[in-house]
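Welcome! Here is a short briefing to read alongside the model, going through a few of its features by topic.

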Amino acid sequence: MNMKLSRETLLPPPLPKAFVKALKRIVGKEQVFTSGPEMVAYSFDATKLASWPQAVVIPTEQSQVAPVVRLCNQHMVHLIPRGEGTGFTGGTVPVTGGVVLVLNELNAISFKPGPPPYIEAEVGAVTTRIQDLAGENGYFYPPDPASQKYSTIGGNVAVGAGGPHCLKYGTTRDYVLGLDLVLPDGEEVSVNRNDERRDLLELLIGSEGTLGVIVRVRLRLVPEPPHTASMMVAFKDNISAIRGVSRVVADGLIPSKLEFIDNQCLKAIGGYMESPLPTEGAVILMEEDGSPEDVDFTLKRAAELARKEGAVDILISEDEETKDLLWEARNAISPSLSRYGPTKINEDVCVPIDHMAEVMDKIEGIAHKRGVFVANFGHAGDGNIHVNFIGDARRPKEIAEIEKAVEEVFALVLSVNGTITGEHGEAITKQSFLPDEVSPLAYSLFKRIKNSLDGEGMFNPGKIFPLENPPA
Ligand SMILES: Cc1cc2nc3c(=O)[nH]c(=O)nc-3n(C[C@H](O)[C@H](O)[C@H](O)COP(=O)(O)OP(=O)(O)OC[C@H]3O[C@@H](n4cnc5c(N)ncnc54)[C@H](O)[C@@H]3O)c2cc1C
């Protein structure tokens, strides 16, 4: 983790005038920034870690990307691909300066009837536009990160984003049929799941902008489910709710969404928006889709199991308005938590489902021991827990305790064969823990793959792997 990255550092040296001029020739002079508000706006992501870029470049046409990459390569200027900067691990923070390549103006999307039907999208398209276009054509695009109204599909693919639907439907990774990529040397390649290069596709999804710029993606769709219903189950405390989740999954039920929300999150949501959720205790929020009979069976069975774990209130809803309110409340957790403090360290650990209650209990114990605030929620149906330590960066002692608490949480998660990242990636904040999770051989293989595609380390330096020579 590096909590110290901020803009309170000297500006990096300006880029050579001839280089900036060449950038302007490619994308137009109004799309290149070397001073002004854009330098601040594109210096940070949702972690609030920050570092000054040397230039911000915003292409308006896909064909401009490869020439920008080639130019950066020729001049040995670092390049950082960026979608909407909602990442939670510092992936778009320009730690060595360089060019931040903002891709959100490349956002054309189209539905292709197939067969099979799919959506082709430029990478700057916001996730909800993909979902809406699928729906307009009678199909369903399930990946649904809580940031879906803001995040780009390129960012989703680059980190392999998940969301509540991942329990039943899988994550973004499972929906990428193909992508077009500009490699670090400026070469352009198209990789598709149904050709002999499909293993390469697996490698590129989740590579966090370290292996090239993704410019276009092709996304699988599934039939729209005929019916959905949601269920809110309230418990008196966090551990009973987590046991409720484990019990539902252990029974073999795979609802389309199965989320856990703890007492601190409920309080935060209550203070942030009108919602049908209680403001104390803990909640599991479920959705099931399919035929009306199947939906009815799953929710009734889950309710029965939840009651055995002490559920105190159950609300089943089929009307659109209440369903929307329930899931809007779920998606509001992250922003609502800011009421507890300005600095939020959000870790997306994932553990085997039979260890969830024990891990949750120990996480609360770690926070208590270190005197720091924690709030937990997440896609608990597949073991994913978002552990949010909240404090104030202006209180260094508190932040030091949070950093130690995070280390203890990661050690705990790895001790039960979990993972330190279920969906956010490693980028900056988790890179130092990666060697604890993977074997030395796997770690060195990852590095060799990076070196073979980007030997000079020009692409998104300091992400996943530490900088060889970090600035003093
Ligand atoms: C309120 C909130 C809720 C969230 N909920 C979820 C959630 O439920 N599930 C989840 O998985 N995440 C979640 N996130 C994290 C984040 O939204 C996702 O990681 C999202 O996929 C990032 O998309 P972005 O466009 O903002 O990418 P950015 O933050 O701009 O970039 C993320 C990474 O991808 C790389 N990248 C971006 N575009 C490209 C490209 N075209 N080519 C190559 N590399 C690229 C960047 O270099 C960086 O390393 C949440 C974030 C917030 C703020």
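Helices H1 and H3 cross in a right-handed way. This is a predicted model, so please read each point below as a description of that prediction.

- Helix H1 covers residues 17-27 and helix H3 covers residues 65-75, and their axes come within 10 Å of each other.
- The two axes cross at roughly 170 degrees, and an angle over 145 counts as roughly antiparallel, so H1 and H3 are roughly antiparallel to each other.
- On the H1 side, the residues that meet H3 are Phe-19, Ala-22, Leu-23, Ile-26 and Val-27.
- On the H3 side, their partners are Pro-67, Val-68, Leu-71, Cys-72 and His-75.
- Sorted by class, this contact holds nine nonpolar residues, one polar residue and no charged ones.

**Around the ligand**
- There are 35 residues around the ligand, and those that come nearest are Pro-81, Gly-83, Thr-86, Ser-147 and Thr-152.
- Glu-84 has a backbone N or O atom 3.0 Å from an oxygen atom of the ligand.
- Gly-85 places a polar backbone atom 2.8 Å from an oxygen atom of the ligand.
- Glu-423 uses its side chain instead: a polar atom there lies 3.0 Å from a nitrogen atom of the ligand.

**A loop residue, Glu-187**
- Glu-187 sits in the loop that links strand S8 (176-182) and strand S9 (188-192).
- Leaving aside residues up to four places away in sequence, Glu-187 touches Leu-181 and Val-182.
- Tyr-175 is 12 residues from Glu-187 along the chain, and their C-alpha atoms are separated by 25 Å.

Notes
Residues are numbered from 1 along each chain as its sequence is written. This is a predicted model: local features need pLDDT of at least 70, side-chain atom pairs count only at pLDDT 80 or more; totals for chains, interfaces and linings use all residues. Side-chain values use heavy atoms; hydrogens and water are left out. Axes are lines fitted to C-alpha atoms, for helices over the stretch in contact, and angles run from 0 to 180 degrees between N-to-C directions. Helices (H or I, at least four residues) and strands (E, at least two) are DSSP runs, numbered from the N terminus. Angles under 35 degrees count as roughly parallel, over 145 as roughly antiparallel, 65 to 115 as roughly perpendicular and the rest as oblique. A crossing is left-handed if the near helix is turned anticlockwise from the far one by less than a right angle, and right-handed if clockwise. Contact means heavy atoms within 4.5 Å. Ala, Val, Leu, Ile, Met, Phe, Trp, Tyr, Cys and Pro count as nonpolar, Asp, Glu, Lys and Arg as charged, and the others, Gly among them, as polar. A residue is near a molecule or strand if one of its heavy atoms lies within 4 Å of it. A polar contact is a pair of N or O atoms within 3.5 Å; within protein, one must be able to donate a hydrogen and the other to accept it, and residues adjacent in sequence count only if both atoms are side-chain atoms.
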